[in-house]
Amino acid sequence: MALIAYDESDAAAFEATRHLDDDALGVWRDAITRHLDPRPGMRLLDLGCGTGSWSQAFRTWWPTAEVLAVEPSAAMRERAVIPSVLTGHAAGIPAGDASIDAVWLSTVVHHIADLPAAAREIRRVLKPDAPVLIRSAFPGRHEGITLCRFWPETITALRENYPEVATVEAAFAAAGFTVAGLEPVAQVSTRSLHEAAAGLRREAHTLLKLISDDAYENGLERLRAAAESATGPQIDVLDLLVLR
């Protein structure tokens, strides 16, 4: 379940640089609750939870819900910021039939090698009409992504390695899902480009690992140069694709 293998170095970089602050998380909470009505006893699956920052947020926002965090990478599980991360993957979810009220996949869908199999497994564990919420970058929808601005080679990497929205929709349609929504969500990723440049870890970003070393170094120079004069926060736009 990975476009790249998450080893200890990758997991450490992810833990150090990919956790969003409360403001950025808040815009995603607003987007999620437009499609999900949290209630006591709700069971929410965080599939491919990484180091668990989203599961941590869900447990803070909705303390009466049960959040199941599932992650295939041992290195990610070992660095989880939450207890009890389960071993599993998109085609082998450790949950019973019709036992889940919602599934969350954040920057995960490009790591899934067999989308139709994953869709069937998600259909198995979800209750009827329960939502699948997919937070991701998609080919052709990269205009608001900072990495694509400073590393244009990542646009090609995105196109060649990430599924298009239509591909995801088709895979899930075959398992009985229909599209309930697709919306861009603008988040504050860091307080400034200077902060982004200072804290950047290539290992934490799949797109940066998919380009050449020379392309990476050239983009890093562009980012550092822009950071000298840029003002305001770094804002990225990712999509929320919702299926039922």
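Helices in these views are DSSP runs of H or I, at least four residues, numbered from the N terminus; Ser53 has its place in one of them, helix α3. The model shown is a predicted one.

**View 1. Ser53 in helix α3.** Let's start with Ser53, in α3. Buried or exposed? Ser53 has a relative accessibility of 14%, and since buried means under 20%, Ser53 counts as buried. Look for Ala80 as well: Ser53 and Ala80 are 27 residues apart along the chain, yet their C-alpha atoms are separated by 7.9 Å.

**View 2. The buried side of helix α3.** Stepping back to the whole helix, α3 spans residues 53-61. Its buried residues are Ser53, Trp54, Ser55, Ala57, Phe58 and Trp61. What do these residues pack against? One partner is a helix, α2 (22-33), and the others are the strands β1 (43-47), β2 (66-71), β4 (102-106) and β5 (132-136).

**View 3. Helix α2 crossing helix α3.** Here the axes of α2 and α3 come within 12 Å and cross at roughly 70°. That angle lies in the 65 to 115 degree range, so α2 is roughly perpendicular to α3. The crossing of these two helices is right-handed. On the α2 side, the contact is made by Leu25, Trp28, Arg29 and Ile32, and α3 brings Trp54, Ala57, Phe58 and Trp61. Sort the residues of this α2 with α3 contact by type and you get seven nonpolar, no polar and one charged.

**View 4. Trp61 in helix α3.** Trp61 is found in α3 and takes part in the contact with α2. With a relative accessibility of 15%, Trp61 counts as buried. Which residues does Trp61 touch, leaving aside its neighbours within four places in sequence? They are Leu25, Arg29, Ile32 and Trp54.

**View 5. Phe58 and the nonpolar cores.** The largest nonpolar core has 43 residues. Which of its residues touch the most other members? Those are Phe58, Trp104 and Trp151. Zooming in on Phe58, and not counting residues up to four places away in sequence, you'll find it touching Ile32, Leu44, Asp46, Val67 and Trp104. There's also a second, separate core of 31 residues, and among its members are Leu47, Phe138, Leu241 and Leu243.

**View 6. Helix α5 against helix α8.** Now for another helix pair: α5 (residues 115-125) and α8 (residues 165-173). Their axes come within 8 Å and cross at roughly 50°, so α5 and α8 are oblique to each other. The crossing of α5 and α8 is right-handed. In the contact, Leu115, Pro116, Ala119 and Ile122 come from α5, while Thr167, Val168, Ala171 and Phe172 come from α8. How do the residues of the contact of α5 with α8 divide? There are seven nonpolar, one polar and no charged.

**View 7. Ala117 in helix α5.** Staying with α5, we come to Ala117. At 16% relative accessibility, Ala117 counts as buried. The C-alpha atoms of Ala117 and Leu220 are separated by 38 Å, and the two residues are 103 apart along the chain.

**View 8. Thr154 in helix α7.** Thr154 sits in helix α7 (residues 153-161). Its relative accessibility is 0%, so Thr154 counts as buried. Setting aside neighbours within four places in sequence, Thr154 is in contact with Leu147, Cys148, Leu207, Leu208 and Ile211.

**View 9. Two loop residues with positive phi.** Most residues other than glycine have a negative phi. Against that background, check the backbone at Ala98, where phi is positive at about 50° although the residue is not a glycine. Where is Ala98 found? It's in the loop between β3 (86-87) and β4. Ala98 has a relative accessible area of 41%, so it counts as partly exposed. On to Thr107, also not a glycine, whose phi is a positive value near 45°. Thr107 is found in the loop between β4 and α5. With a relative accessible area of 18%, Thr107 is buried.

Notes: Residues numbered from 1 in each chain as written. Predicted model: local features only at pLDDT ≥ 70, side-chain atom pairs only at ≥ 80, totals over all residues. Heavy atoms only, no water. Buried < 20%, exposed > 50% of the residue type's maximum accessible area, 1.4 Å probe, protein only. Contact = heavy atoms within 4.5 Å. Axes fitted to C-alpha atoms, helices over the stretch in contact; angles between N-to-C directions. Parallel < 35°, antiparallel > 145°, perpendicular 65-115°, else oblique. Left-handed = near helix turned anticlockwise from the far one by under 90°. Nonpolar A, V, L, I, M, F, W, Y, C, P; charged D, E, K, R; others polar. Core = buried A, V, L, I, M, F, W, Y, C linked by side-chain atoms within 4.5 Å.
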